[in-house]
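Hi,

Here is the structure I promised to pass on.

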Amino acid sequence: MKDKINITFIFFAVIISRLPFIWNSPGLDIDNWLVLQTGKKIQETGIYRVSRLPGYPVSEYLASFFGNTAWFVLNIISVLFTAFCCVIFYKILGHLDAKDKIMAALALGFVHAVFIASTNSMEYMWSLFFLMLGIWLVLKRYIGWAGLALGLMVGTRFTNVLLLLPIVYFLYFNARIRSLKDYFLMFGVALSTFAIVFIPVFNKYSLSIFPDVGESSVDIKSIVSQYTMYIYGILGLLGLLIGLIYIIFQKDLIKNFQRNKEILIFSGLMILVTSFLYLKFPFESYYNIPLIPFVILVLVFLIQNKMVKNIIFSLFILSPFVIYVSSHKTQLKGAIFVNEKMENDYLEYAHSLYEQFSLHKNNKKLLITGGFYNCYLYKYQNKSKNENVKILGNPTLKLVEYYISKGYKVFYPKGIEQEVMFFNQYDISKYGESLLEPFNFDR
């Protein structure tokens, strides 16, 4: 009975805490708008084309079913997946005889990166839910169903396929599964599930689904901040530091490790694989979300002092709401409030861009939007449907010169000059007129 009360509390605590933050937009990541615009194209043409490789067919097709309300539906789905994820994590902790499991489950739901990811349309929390569900089903010996869950984990975010490697260790040492038949069953079902989900991707692109990301130009400072601050927030980092210090200096470290060796090694492997993936492609802090439950597992099993654990998990829970540090200032309000303001500012800027562009009454005009392209199209395409009005994201110089030769006047928002120069190696200011001052994220 107590478990049912705890599960109900965790579920509704996660749901209710997100409700104020899901009403304005699909999130700050421009890929959110790209998925929505892709869904619109699928709806209009019936032809599948990935929003970005290697493909995200689950969210792309879902977006195609709901038109202009797709972003809100996807936000709701992210919230629900997060709530169920925390509930499943609670049940995993219970199966492993962990103490302080309600605080640990809440810490997972409220840690900085998870909270923000759960209020937008990206698939991070969808995939994490299927990972947690797969682990839970393995522990319950539902091998075929575990394969289905893990197949959906990969089907929602393909890069998480690497997480299947530590799962082999988990099957053998934690779940004590020794039958080869069970291994073939689980991974066979996982592969089949993934293949079914990715049918439209493979049908369109064959096996050429891996993007050419080139060399990373992200600096070390950015990599470190995304791996720390962007995941845990200031308070979460403080909690993590307290935990690490306590673990290192506690008397019974070796004894605690030996007592929980299998689950700690599995957690370490999951953290290492996730970290490797991020360091290989350090583009988004949220690539690290799959390591968060395993960091919490390490804290749960290596720290035996209940008060210390509760302090750490309380800091995790408070992290989205209190103290935000950007590159140029520190604010007492937390990241979720700052993030919400940035979403509103982004929408307002896109609207201002539309209004400023509309004021120009040229017979033929071209707007180059840069990173606002998919947001602009999703919100204002129907209002801009005119054969003499063209909207482009990041066109080549050759294409810009073509439109100029046809009598189009070029407009663009300030701030995309560097973006155009980086991708297409020309100075857009020499070919067009700027409309607005640059938009800057408070990061």
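Let me start with Leu 297, which sits in helix H16 (residues 292-302). Helices here are DSSP runs of H or I with at least four residues, strands are runs of E with at least two, and both are numbered from the N terminus. Before going further, some housekeeping: this is a predicted model, where local features need pLDDT of at least 70 and side-chain atom pairs count only at pLDDT 80 or more, while totals for chains, interfaces and linings use all residues. Residues are numbered from 1 along each chain as its sequence is written, and side-chain values use heavy atoms, with hydrogens and water left out.

Back to Leu 297: its relative accessibility is 4%, so it counts as buried. (Buried is under 20% relative accessible area, exposed is over 50%, and partly exposed lies in between, with a 1.4 Å probe and protein chains only.) Setting aside residues up to four places away in sequence, Leu 297 touches Phe 89, Leu 93, Leu 96, Ile 263, Leu 264 and Ser 267; contact means heavy atoms within 4.5 Å. From Leu 297 to Lys 4 is 293 residues in sequence and 22 Å in space, C-alpha to C-alpha.

Leu 297 also turns up in the lining of a cavity. On a 1 Å grid over the protein atoms alone, a cavity is a set of points where a 1.4 Å probe fits but cannot get out, and lining residues have an atom within 4 Å of a point. Points are joined across faces, edges and corners, and the volume is the space filled by probe spheres set on them. There are three cavities of 30 Å³ or more.

For the classes, Ala, Val, Leu, Ile, Met, Phe, Trp, Tyr, Cys and Pro count as nonpolar, Asp, Glu, Lys and Arg as charged, and the others, Gly among them, as polar.

The largest cavity holds about 80 Å³. Around it are Tyr 124, Ser 127, Arg 157, Thr 159, Asn 160, Leu 277, Tyr 286, Tyr 287, Ile 289 and Pro 290. That lining divides into six nonpolar, three polar and one charged.

Now for some helix packing. Helix H2 (residues 30-45) has 16 residues, which should span 22 Å at 1.5 Å a residue, and its end C-alpha atoms are 23 Å apart, so the two agree. (The expected span is 1.5 Å times one less than the number of residues.) Among the buried residues of H2 are Trp 33, Gln 37, Lys 40 and Ile 42. What covers the buried residues of H2 includes helix H3 (57-65), H4, helix H18 (335-359) and helix H19 (373-380).

H19 is mostly covered, with six of its eight residues buried: Asn 374, Cys 375, Tyr 376, Leu 377, Tyr 378 and Tyr 380. These pack against H2, H4, H18, strand S3 (365-368) and strand S4 (389-392). Over in H18 is Asn 339, which counts as buried at 9% relative accessibility. Leaving aside neighbours within four places in sequence, Asn 339 is in contact with Leu 28 and Ile 116.

How many disulfides does the model have? The count comes to zero, a disulfide being a pair of cysteine sulfur atoms within 2.5 Å. The sulfur of Cys 85 is 5.6 Å from the closest cysteine sulfur, in Cys 86, so it is too far for a bond. Cys 85 is buried, at 0% relative accessible area, and Cys 375 is buried at 1%.

Last, some backbone details. A cis peptide bond, with omega about 10°, joins Leu 53 and Pro 54; Pro 54 is in the loop between H2 and H3. Asp 100 is not a glycine, yet has a positive phi of about 55°. Asp 100 lies in the loop between H4 and helix H5 (101-110) and is buried at 16% relative accessibility. Ser 206 also has a positive phi, near 55°. Its loop runs between helix H11 (199-205) and helix H12 (220-227), and at 45% relative accessibility Ser 206 is partly exposed.

Cheers

Notes: 1 Å grid on protein atoms, 1.4 Å probe; cavity = no way out; pocket = protein on both sides within 12 Å on 5 of 7 lines; lining within 4 Å.
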